[in-house]
Amino acid sequence: MASIIDIKDECSLHVRDFSFTYKGASAPSLKKVTMPIAKHSVTALIGPSGCGKTTLLRSFNRMHDLYPGNKYEGEIEFEGRNILDPKEDLIHLRTKIGMIFQKPTAFPMSIFDNVAYGMRLQGIKNKTELEGRVEKALQDAAIWKEVKDRLKHDANGLSGGQQQRLCIARAIAVEPEVLLFDEPTSALDPISTQGIERLVIELKERVSIIIVTHNMQQAARVSDYTGFMYLGDLIELGHTEELFVTPKEKLTQEYITGKFG
Amino acid sequence: MTATQKRIIINRIALGFSTLSAIIALAFLFWILGVLVMKGIHSISWNIFVFEGSPPGYEESGLKHALVGQLILVGLATLIGVPLGIMAGTYLSEYGKNSKLAHTIRDISDIMMSAPSIVIGAFVYAIVVMPMGHFSAWAGAIALAIIMIPIILRTTDDMLQLVPGTLREAAFALGAPKYKVIMNVVYRGAKAGILTGVLLGIARVGGETAPLLFTSFNDNFFTTDLNEAMPSLTVTMFNYAISPYDDWQQLGWAAAFILSMFILGLNIVGRLILLAGKRK
Amino acid sequence: MIDKIFLNMTRTSALLILFIVAWIFVVLFNHSTEAMQTFGFDFITKDEWAPNLEKFGAYAAIFGSVASTFLAMLLAIPVAIGVAIFLSEIAHDRIKGFFGVSVELLAAIPSVIYGMWGLFFFVPILRDIFGGMGIGLLAAGIVLAIMILPFMAAVTRDAMNTTPDILKESAYALGGTQWDVIKDVIIPYAKAGIIGSLILALGRAIGETMAVTFVMGNVHHTPSSIMDPTTSIPVTLANEFTEADSSLYFSSLFGLALTLLIMSFVVIAVAKFYFLRKGRKEQ
Ligand SMILES: Nc1ncnc2c1ncn2[C@@H]1O[C@H](COP(=O)(O)OP(=O)(O)OP(=O)(O)O)[C@@H](O)[C@H]1O
Ligand SMILES: [Mg+2]
């Protein structure tokens, strides 16, 4: 019954029959989701509150593993292997698949150290290399001009929008293949939101992006593909223009026309 | 070895040390608890509740005097400290709120909460024992009450602030005067929290020895005269423990056991009340 | 009418606490003037404490208080931080609950019991290992460390727990290990709270009487090694207050009490106002 388009282009991730159950929950929060994620494009996940968007997103970098007792079933294929395998190297996986959160999460350290953090974890110590890559990441995150004179300052002195871009810089500095965004603008003002949206579109040249959003206009503005989820099911996945204009499923249509949600 | 492998090894070592320190800490603490329980159960008998203190070597010696004295001292301290603490906390939460005076009182009271209790004993010695010319239960109870007030004040203040403002407004809208709103609405809403605070306050002063050493002092015999020196479990325990007599030391452990169970019990009940209140 | 009475009653009770604190300082000060006038600064710099000669120098007691507290801190801080990390980051839910509650309950056990355990069970071990009496600065430091550990671990854990989950998750999302997250995110984030908690524990330790009275020795003598018996301010007060037989002796004891009160007030005020101010609400 679900209507999932076949993506002709290369895919970076393949979700197959994926179910997820939280610890102690009686029913799974995701039920046999199957979904391709196209490479170098933006895939938006929409759907009413509690439908499982965040749960799906946090499965891609195995964030759920921080809290024991959750159960994964099925398969998520990435770089030719099933990353749900218990033997998967999570440290490596998370450097390949980065994440941006609902609220800015600047670490309690300087702006420079924030951006350098992931690279330092990987053992890069060379000062010139670090400086070069920090500058590049900040430029790519469109925040270099604002912070270049105060790299040594505490990152918590930045505004919310700046902090969120700093977090993006921090995530792209380690050159991941995929970036996950969970409602990255829900805590930001309209101007900062615009900046982040522009950034998302620019970044897809280099990474594949999955973005969860409550805002259908945002999904329409930034994404190439959109998935509509409902009660743990992926109801429909299609090209963004088609899904919003001519949805194939009745539920999708009801949702995008504001009948519920 | 790559940087990441190194990090993983460091991670293991660091977490191992942390777990190890937790195990060491727990081992020591359970050692103490174990000693307390073993010694306590070994020394406890019916005699303890029936007989008073007696010179070393007597069969018929017990802790009745200290048990009753302890109850009197803590009871008296509760009667003095709880109303004062609750009223002071009420002022802070309902009248003082964010005024400078209220914050000063909160800060000073917080510091008092951690002040050395033996100093409170010295203070009460100067203001009560010296004028009276002798030790007394009153002096001991006053010292304990002074220690208790900041604890009750703090929890009352915190718990009353948790009562939603809309509840107060609803009562005011019915035309109730402020004291009635506080008595009938605010106190009722914070009942569980205040009760927990009182129990924890009692538990805290119940274990105090230092402030009693030179206020209520000690006595090896049963007394209910508040104007006389009065035995307590804690001071009795201290005196018996440092005595060279085996049977007195045994009684000291029995006192330690009874007192600890009482204090742990109060703590557990206090927590349960708070939990039950939260669930509602 | 009743409203006014109620307001006045509660306000008086609240003001009473300020009054009591001021009163304590005044009373201790007044009673110690005789000693201060007699000895001046010698009171805190000389360590000859000879009641029969009417000579009272508090240096040994002050030194003993500071040294035993310092030793206790040295031993307790690393363990308490380890326990706090274990409780907030490593232990699984069930162990966390059981262990966390045990630690809090142990913090409630009367300190006199730690002292009794120290005297009967720990001092003999020290005696076997190091010879001598076993009683002294080291015994006091260790017993004090064990007594303060549960409180210290519990408040340090509470400070660490204020770190938002989302901040920790961000560090994991960059490929951090648990230890990376602890040292780079949690400890820097909760630094003020952690330091404040440790100092608060220090404030408690310095005024502690019963845990150390049994095991310190009560000898007015500045120790030359950590195995030497010595004394501290609370230990001196506990042992000698009821024995003082002259007004100068009493006055000197009140001087000790005042010194202790000032020391602990300063320490606790630093912890509260400098480090814990921000975290007040969450506490
Ligand atoms: N930690 C958890 N433990 C148990 N159940 C959870 C947990 N987190 C989420 N759930 C449940 O899983 C379902 C999906 O939640 P999820 O957070 O993925 O929704 P969402 O689509 O992101 O919603 P929102 O738009 O509100 O962010 C919900 O029914 C929720 O109640
Ligand atoms: Mg969500």
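Start by selecting residues 11–21 and 71–78 of chain A: strand E2 and strand E5 pair there in the antiparallel sense over seven bridges. Strands here are DSSP runs of E with at least two residues, helices are runs of H or I with at least four, and both are numbered from the N terminus; two strands pair if DSSP finds at least two bridges between them. Zoom in on A:Phe20 and you'll find it opposite A:Tyr72 of E5(A).

A word on what you're looking at: this is a predicted model, where local features need pLDDT of at least 70, side-chain atom pairs count only at pLDDT 80 or more, and totals for chains, interfaces and linings use all residues. Residues are numbered from 1 along each chain as its sequence is written, chains are lettered from A and ligands numbered from 1 in the order in which they are written, and side-chain values use heavy atoms, leaving out hydrogens and water.

Now widen the selection. E2 and E5 belong to an open, antiparallel sheet of four strands in chain A, ordered E3-E2-E5-E6. Its edges are E3 (30–38) and E6 (81–82), each pairing on one side only.

Next stop, still in chain A: an open sheet of seven strands with mixed pairing, in the order E1-E11-E10-E4-E9-E8-E7. Select 42–46 and 208–212 to see E4 and E9 of chain A pair in the parallel sense over four bridges. A:Val42 sits opposite A:Ile209. Then pick 160–172 of chain A: helix H6 packs on this sheet, touching E7 and E8 (178–182), and its direction makes about 175° with that of E7(A).

Which residues of chain A make up helix H3? Select 111–121; nine of the eleven residues are buried (under 20% relative accessible area, with exposed over 50% and partly exposed in between, using a 1.4 Å probe and protein chains only). Among the buried ones are A:Phe112, A:Tyr117 and A:Met119. Their cover includes H6 of chain A, H1 of chain B, and H7 (165–173) and H8 (178–189) of chain C.

Finish on chain B with B:Ile9, in helix H1 (residues 3–43). B:Ile9 is partly exposed, at 40% relative accessible area.

Key
Contact = heavy atoms within 4.5 Å. Axes fitted to C-alpha atoms, helices over the stretch in contact; angles between N-to-C directions.
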